[in-house]
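Subject: Structure handover and notes

Hello,

Please find below the structure you asked to have passed on. My notes on it come after.

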Amino acid sequence: MPAILEVDNLVKKFGEFEAVKGVSFQVEEGEVFGLLGPNGAGKTTTISMLTGILAPTAGTARIGGYDVRTQMAQAKTLNGLVPQDLALYPTLSARANLEFFGRVYGLKGRDLKERVADVLRVVSLTERADQAIETFSGGMKRRVNIAAGLVHQPRLLFLDEPTVGVDPQSRNHIFESVLRLNRERGMSIIYTSHYMEEVELLCSRAAIIDEGRIIALDTIKNLIAMLGGGVIHVGVERADPTTRDAIAALPMVKEAVLLAPSVAAPPAPGAEADLHERAPLATGSVIKIVTEHSQQAVVSVIGYLNTHDIMLTSLEILEPNLESVFLHLTGKKLRD
Ligand SMILES: Nc1ncnc2c1ncn2[C@@H]1O[C@H](COP(=O)(O)OP(=O)(O)OP(=O)(O)O)[C@@H](O)[C@H]1O
Ligand SMILES: [Mg+2]
């Protein structure tokens with residue numbers, strides 16, 4: 001497959017401040033590619049250079065072979081942008097807004113009507129199409145925004161944090177639209193987010209970006225495998241800081257943290273017998289253990305609990321995720 005997007009050492013300076021510090025990556029045709037990074041990482045600035053909103057300070061990129069510095073008009077016919085901020089006319093209906101965007105791309109007449117009807121279906125808003133945008137929920141407005149990026153049938157779609165401030169229902173609609181556009185129409189998608197679960201769910205590969213640099217780029221699976229270890233949650237009847245410190249010092253354990261005791265749910269009326277069974281839960285503790293190798297850490301933790309007569313009440317081995325990869329690479333959390 002040829003690359004639909006080739007980014008080559010892209011730099012953006014705002015005065016003295018270098019927001020993007022030489023970013024390079026390629027996206028294959030038909031891929032859903034994630035750009036994952038915290039606030040201020042440079043995601044929007046990068047996308048803005050790829051879509052003609054900002055001129056690169058240095059470096060370049062090609063979309064379908066067209067250079068974004070010298071052939072932006074051609075590049076624009078291939079790509080669609082769904083910006084982080086909404087760009088809709090509140091008093092106009094969803095349909096009228098979308099017709100406006102279609103005309104900007106030179107669509108008219110029956111073609112325009114058909115394209116607008118199609119993108120309304122893609123974001124599941126056909127039924128609300130003729131109501132004014134100002135009567136829509138935040139999530140519905142976002143979906144119209146996505147539809148606006150699709151009217152001219154781009155081969156490459158940039159989605160910049162499409163689910164921020166969106167209700168769960170609209171969020172699911174957005175996920176479904178992304179997957180459908182990719183699977184049914186073969187659209188290549190660049191998905192920007194600081195929600196690692198979304199990138200894990202939707203993308204085949206991702207670049208982790210921090211302070212203007214790509215610090216890791218691989219398939220989601222390889223990014224996670226890079227970590228080796230993971231996190232285990234061990235429920236115990238009792239735990240105190242001494243136990244925690246002893247566990248933290250065990251082989252294959254990097255860190256141990258006492259989580260707040262779990263609170264038993266109140267018993268249903270007439271179910272007093274259950275109360276006795278739930279009681280240990282209310283007093284027990286959960287120790288969160290960050291490991292270098294989860295299987296081996298479990299063995300040493302259980303050994304320690306046995307020799308110290310601490311009863312194990314639950315054990316959960318959590319799969320490592322992109323959040324832990326980011327923490328590992330930067331020492332920072334993805335979200336504050
Ligand atoms: N027009 C501008 N002038 C000066 N600095 C800017 C400008 N636009 C962005 N920046 C700075 O560049 C850096 C990268 O910003 P950018 O918007 O690309 O981050 P982001 O990764 O999209 O973050 P978020 O997740 O918050 O949207 C930030 O420090 C930001 O303050
Ligand atoms: Mg942004």
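What follows is a short account of what was found, from the whole chain down to single residues.

The model is predicted, and everything here should be read as computed from it.

**Overall**

The protein chain has 12 helices and 14 strands. Its C-alpha atoms fill a box of roughly 75 × 55 × 40 Å along the principal axes. Of its 336 residues, 37% count as buried. If you take the contacts between residues at least 6 apart in sequence, 73% of them join residues at least 24 apart.

The domain assignment gives domain 1 as residues 3–225 and domain 2 as residues 231–319. Between the C-alpha centres of domain 1 and domain 2 there are 43 Å.

In soluble globular proteins, nonpolar side chains tend to be buried together. Here the largest nonpolar core has 68 residues, and Ala 147 and Tyr 191 have the most contacts inside it. Helix H5 (residues 138–148) provides the largest share of this core, with five residues. A second, separate core has 14 residues, including Val 236, Ile 247, Val 253 and Ala 256.

What does Tyr 191 touch, leaving aside its neighbours within four places in sequence? Its contacts are Val 32, Phe 33, Gly 34, Leu 159, Val 178, Val 199, Leu 202 and Cys 203.

**Leu 35**

Leu 35 lies in strand S3 (residues 32–36). Leu 35 counts as buried because 29 other C-beta atoms lie within 10 Å, and the cut-off for that class is 20 or more. Not counting residues up to four places away in sequence, Leu 35 touches Lys 43, Thr 46, Ile 190, Thr 192, Ala 207 and Ile 209. For one of these, Thr 192, the separation from Leu 35 is 157 residues in sequence but 4.7 Å in space, C-alpha to C-alpha.

Strands of a sheet pair through backbone hydrogen bonds, either parallel or antiparallel. One open sheet in this model has four strands in the order S2-S1-S4-S5, with antiparallel pairing. S2 and strand S5 (66–67) are the edge strands, each pairing on one side only.

The pairings, going across the sheet:

- Strand S1 (residues 3–14) and S2 are joined by nine bridges in the antiparallel sense; Phe 14 has Phe 17 in S2 as its bridge partner.
- S1 and strand S4 (residues 58–63) run antiparallel and are joined by five bridges; Glu 6 has Arg 62 in S4 as its bridge partner.
- S4 and S5 pair antiparallel over two bridges; Arg 62 has Asp 67 in S5 as its bridge partner.

S4 and S5 form a hairpin with two residues between them, and Gly 64 in the turn has a positive phi of about 55°.

**Around ligand 1**

Which residues are closest to ligand 1? They are Phe 14, Ala 19, Lys 43, Thr 44 and Thr 45, out of 14 residues that surround ligand 1. Strand S2 (17–28) and helix H1 (43–50) are the elements that give two or more residues to this shell. H1 gives the most, with three residues. By class, the shell has four nonpolar, eight polar and two charged residues.

Two of the residues closest to ligand 1, Phe 14 and Lys 43, have come up already: Phe 14 is bridged to Phe 17, and Lys 43 is among the contacts of Leu 35.

**Partly exposed residues**

Arg 171 lies in helix H6 (residues 168–185). Arg 171 is partly exposed, with 17 other C-beta atoms within 10 Å. Leaving aside neighbours within four places in sequence, Arg 171 is in contact with Gly 139, Thr 163 and Val 166. Arg 171 and Arg 142 are 29 residues apart in sequence and 9.4 Å apart in space, C-alpha to C-alpha.

Ser 124 has a positive phi of about 55° although it is not a glycine. Ser 124 sits in the loop between helix H4 (109–122) and H5. It counts as partly exposed, with 18 C-beta neighbours inside 10 Å.

Glu 211 is not a glycine either, and has a positive phi of about 50°. Glu 211 is found in the loop between strand S9 (205–210) and strand S10 (213–219). With 16 C-beta neighbours inside 10 Å, Glu 211 counts as partly exposed.

Regards

Definitions and conventions:
Residues numbered from 1 in each chain as written. Chains lettered and ligands numbered in written order. Predicted model: local features only at pLDDT ≥ 70, side-chain atom pairs only at ≥ 80, totals over all residues. Core = buried A, V, L, I, M, F, W, Y, C linked by C-beta atoms within 7 Å. Buried ≥ 20, exposed ≤ 12 C-beta atoms within 10 Å, placed from the backbone. Contact = placed C-beta atoms within 7 Å. Near = placed C-beta within 6 Å. Nonpolar A, V, L, I, M, F, W, Y, C, P; charged D, E, K, R; others polar. Domains from an automatic or database assignment. Pairing = 2+ DSSP bridges.
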